[in-house]
Amino acid sequence: MKYATLGRMGAEASRVAFGMRQLNDPADIERHAENVVYAYRRGINFFETSVSYAEGKAETILGRAIREMKRGELPFYVMSKCHAAESGAFRRNLESSLERLGLDTLDIFTCLWGVKSLNEWLGAVRFGAVKELERARDEGLIRYIAITSHMKDDDMKRVMSDYPFDLNIIGFNVINARFRMEGLRASFESGAGNIAMCPLGSGRLVMFKDVFGAIRIRKDQSLVQAAYDYVLSSPFVHSVIGGFNEKSEIDEAVSAVETHVPYTAEEMALVQERLAARISPLEHERRFAVAKAINERPYILREEAAELFGVYPMSL
């Protein structure tokens, strides 16, 4: 496994992290916990969850795995999230998460979850969300202040100039890179650790592999490896979050990281050129259908999907 230092956090995190949003059959707690432990033994040491992932069972699953991981020598880091910023509700969520995870302190727990615009950030500040995070940190319940975001460049630049975040989990992939690269750069230059989420566009790259297969520019690349290679080739990305339901998926992601050779600037441009060339001759109905399916995920903004596929934004 390869590792990277997460900015001012100073944590050495695996270049692929384990995200728990898309666990199938979450009632099978033992199977998923076994997969988490397997990932840890393969060198993955950053785990991202929330109070509501996997029908509310993700933290329980991770907590079961943590019992075993505590016996290991590799340091690991845990992040969870909630949508509540009101003082009492935030504290109840945090304390419940600590209990389910079997921890006294969480590395990261944030209510700045999925911020999509500058206005959302400013509203969160006015509501007192940042003060709640700082209070929890000062009381020793969390270690770091983090945000998760799906913002375009200008909004991200402003947010990162407003507050010295320790960590930014940012939606970033081949679909939205042209809208988010400079914001990613601003986050990196601010000193924050940057972890990219949704490298596969919440599964849309695989769902429409006839289109996105064009991003495979190197010999014998799988689509998953090509998606990881593109994201990890950004000099502003420390790690990337993958979602796993099988040990084989963990093996594929670990292999993609271990064999990763960063793209040159010319190769990064070639990925976008070949994708554009694949999309261009498609009939409008096909371009619209794929763009609409991509936009149905809240992690790809409407204008991002519309520009990539050349369709009217308001129609999505």
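Modeller: In what follows, buried means under 20% relative accessible area, exposed means over 50%, and partly exposed means in between, with a 1.4 Å probe and protein chains only. This is a predicted model, in which local features need pLDDT of at least 70 and side-chain atom pairs count only at pLDDT 80 or more, while totals for chains, interfaces and linings use all residues. Residues are numbered from 1 along each chain as its sequence is written, and side-chain values use heavy atoms, with hydrogens and water left out.

Biologist: In what order do the 9 strands of the open sheet stand?

Modeller: Helices (H or I, at least four residues) and strands (E, at least two) are DSSP runs, numbered from the N terminus, and two strands pair if DSSP finds at least two bridges between them. On that basis, 9 strands form an open sheet with parallel pairing, and their order is β7-β6-β5-β4-β3-β11-β10-β9-β8.

Biologist: Which strands stand at the edges of that sheet, and why is one side of each left without a neighbour?

Modeller: An edge strand here has a single partner strand, so one side of it has no neighbour in the sheet. This applies to two strands, β7 and β8 (146-149).

Biologist: By how many degrees are neighbouring strands of this sheet turned against each other on average?

Modeller: Axes are lines fitted to C-alpha atoms (for helices, over the stretch in contact), and angles run from 0 to 180 degrees between N-to-C directions. For neighbouring strands of this sheet, with direction ignored, the average turn is 30 degrees.

Biologist: Which residue is the bridge partner of Ser80 in β6?

Modeller: Strand β5 (residues 77-81) pairs with β6 in the parallel sense over 3 bridges, and 5 of the 5 residues of β6 (106-110) are buried. Within β6, the bridge partner of Ser80 is Phe109.

Biologist: What is the handedness of the β-α-β crossover from β5 to β6?

Modeller: A crossover is right-handed if, with the strands pointing away from the viewer, the path from the first strand over the helix to the second runs clockwise. Here the chain leaves β5, passes through helix α4 (residues 87-101) and reaches β6, and the crossover is right-handed.

Biologist: Which residue of β7 is the bridge partner of Ile108?

Modeller: Strand β7 (residues 142-144) runs parallel to β6, and 2 bridges join them. In β7, the partner of Ile108 is Tyr144.

Biologist: How many residues apart in sequence are the parts that Arg91 and Glu139 tie together?

Modeller: The side chains of Arg91 and Glu139 meet in a salt bridge (a side-chain nitrogen of Lys or Arg within 4 Å of a carboxyl oxygen of Asp or Glu), at 3.0 Å from N to O. Because Arg91 lies in helix α4 and Glu139 in the loop between α6 (129-138) and β7, the parts tied together are separated in sequence by 48 residues.

Biologist: What is the relative accessible area of Arg135?

Modeller: Glu132 forms a salt bridge with Arg135, the closest N and O atoms being 2.5 Å apart, and the two residues, 3 apart in helix α6, are separated by about one helical turn. Glu132 is buried at 7%, whereas Arg135 is partly exposed, with a relative accessible area of 36%.

Biologist: Is Ser234 buried or exposed?

Modeller: Ser234 lies in the loop between α11 (223-232) and β11 (239-243). Contact means heavy atoms within 4.5 Å, and, not counting residues up to four places away in sequence, Ser234 touches Phe172, Met181, Leu184 and Met268. Its relative accessibility is 2%, so Ser234 counts as buried.
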